[in-house]
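The plan is to look things up piece by piece and jot down what turns up.

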Amino acid sequence: MSDKTIRVFIADDHAIVREGLKQILAEQRDIIVAGEAENGLDAVRLFRKSKCHVLLLDISFPDRNGIEVLKLVKKEQPEQAVLMLSMHREDQYAIRSLKAGAAGYLTKQSAPRELVTAIRQVAAGQKYVSAALAQALANQVGADHELPVHDTLSDREYQTLTMIASGKTVSEIARELSLSVKTISEYRARLLVKMKLKTSAELTHYAIRNQLIE
């Protein structure tokens with residue numbers, strides 16, 4: 001194995017996604033998959049021991065939000081390269097991920113070639129963003145107005161907002177996130193107060209108006 005071989009750790013709760021990623025990366029001479037995890041807690045615990053150069057990290061896990069995992073990893077290893085790979089559109093989670101310390105963000109619809117390029121780039125200590133995301137970042141830097149309300153939410157609050165706006169009930173969200181209905185209800189209540197809204201319908205209208213969901 002060459003000293004320049006990039007060791008990648010894959011953290012995704014879908015086995016079929018992990019296998020697909022491993023197949024893509026197996027075709028590269030300079031990249032090997034040296035570890036994997038199917039939930040957030042294992043991602044932190046196993047990655048800590050893996051001595052990998054790049055953590056390929058999903059946004060959504062049954063036990064915790066991927067951005068929470070990102071923050072834990074960056075707290076322990078500030079220089080660690082973390083590349084977020086998600087089913088969510090860039091404008092939903094990318095900027096939030098980069099602010100939390102990610103070196104780059106890709107959607108799972110990205111071409112294999114783009115994934116390989118991104119891994120090599122972040123392993124070299126650089127950032128990786130698509131042209132569309134670069135434009136969004138430029139627009140945000142150039143804006144003089146205050147941050148939109150949804151940018152002031154915690155990661156879990158933001159996730160709850162998008163799930164409510166997608167039509168999911170509190171019970172469905174609780175089940176999907178492995179949290180209690182009471183906890184999700186508390187997130188919803190906090191959302192309404194912070195955003196000065198009264199109902200889930202108003203949350204949904206806000207999300208649609210601000211293009212937070214499809």
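Predicted model: local features only at pLDDT ≥ 70, side-chain atom pairs only at ≥ 80, totals over all residues.

I looked up the backbone of S178 and got a phi near 60 degrees, a positive value in a residue other than glycine. Is S178 buried or exposed? S178 counts as exposed, because its relative accessibility is 52% and the cut-off for exposed is over 50%.

**Further along, after α9**

I moved on to the loop between α9 and α10, where K196 sits. K196 is not a glycine either, yet its phi is positive, near 55 degrees. K196 has a relative accessibility of 75%, so I put it down as exposed.

M195 is in that loop too, between α9 (181-194) and α10 (200-209). Buried or exposed, I wondered about M195? With a relative accessible area of 8%, M195 is buried, because buried means under 20%.

Then I asked what M195 touches, not counting residues up to four places away in sequence. My list reads V149, L153, L161, L203 and Y206. I also checked the C-alpha atoms of M195 and V149: they are separated by 6.3 Å, though the two residues are 46 apart along the chain.

**Helix α7**

L161, one of the residues that M195 touches, is also among the buried residues of α7, so I turned to that helix. How many of the residues of α7 (residues 155-165) are buried? I got eleven of eleven, and the helix is mostly covered. Among the buried ones I noted D155, R156 and E157, and also Y158, T162, M163 and I164. Just after α7 I stopped at G167, which takes a positive phi of about 100 degrees.

**The annotated aspartate**

I went to the UniProt record next. The entry, which is unreviewed, places the feature "modified residue: 4-aspartylphosphate" at D58. Where is D58 found? I traced D58 to the loop between β3 (54-57) and α3 (66-76). D58 has a relative accessible area of 4%, so I wrote it down as buried.

What is D58 in contact with, leaving aside its neighbours within four places in sequence? I noted A11, D12 and D13, then G66, then M84, L85 and S86, and finally K108.

**The whole chain**

I stepped back for the overall view. The chain has ten helices and five strands. Its radius of gyration is 18 Å, close to the 17 Å that the globule rule gives for 214 residues, so the chain is as compact as a globular protein of that length. Along its principal axes I got a C-alpha trace spanning about 60 × 40 × 30 Å.

How much of the chain counts as buried? I have 43% of the 214 residues. For contacts with a separation of 6 or more, 64% are accounted for by residues 24 or more positions apart.

I looked up the surface as well: the accessible area of the chain comes to about 11,400 Å², and carbon and sulfur atoms hold 53% of that. I noted 30 positive and 27 negative side chains, and the centres of the two sets lie 3 Å apart.

Technical notes. Residues numbered from 1 in each chain as written. Heavy atoms only, no water. UniProt positions renumbered as here; feature names shortened; annotations may be inferred. Helix = DSSP H or I, 4+ residues; strand = E, 2+ residues; numbered from the N terminus. Buried < 20%, exposed > 50% of the residue type's maximum accessible area, 1.4 Å probe, protein only. Contact = heavy atoms within 4.5 Å. Rg over C-alpha atoms; globule rule 2.2 N^0.38 Å. Areas by Shrake-Rupley, 256 points an atom, 1.4 Å probe, with all protein chains shown as cover. Lys, Arg positive; Asp, Glu negative; His and termini not counted. Charge placed at Lys NZ, Arg CZ, Asp CG, Glu CD.
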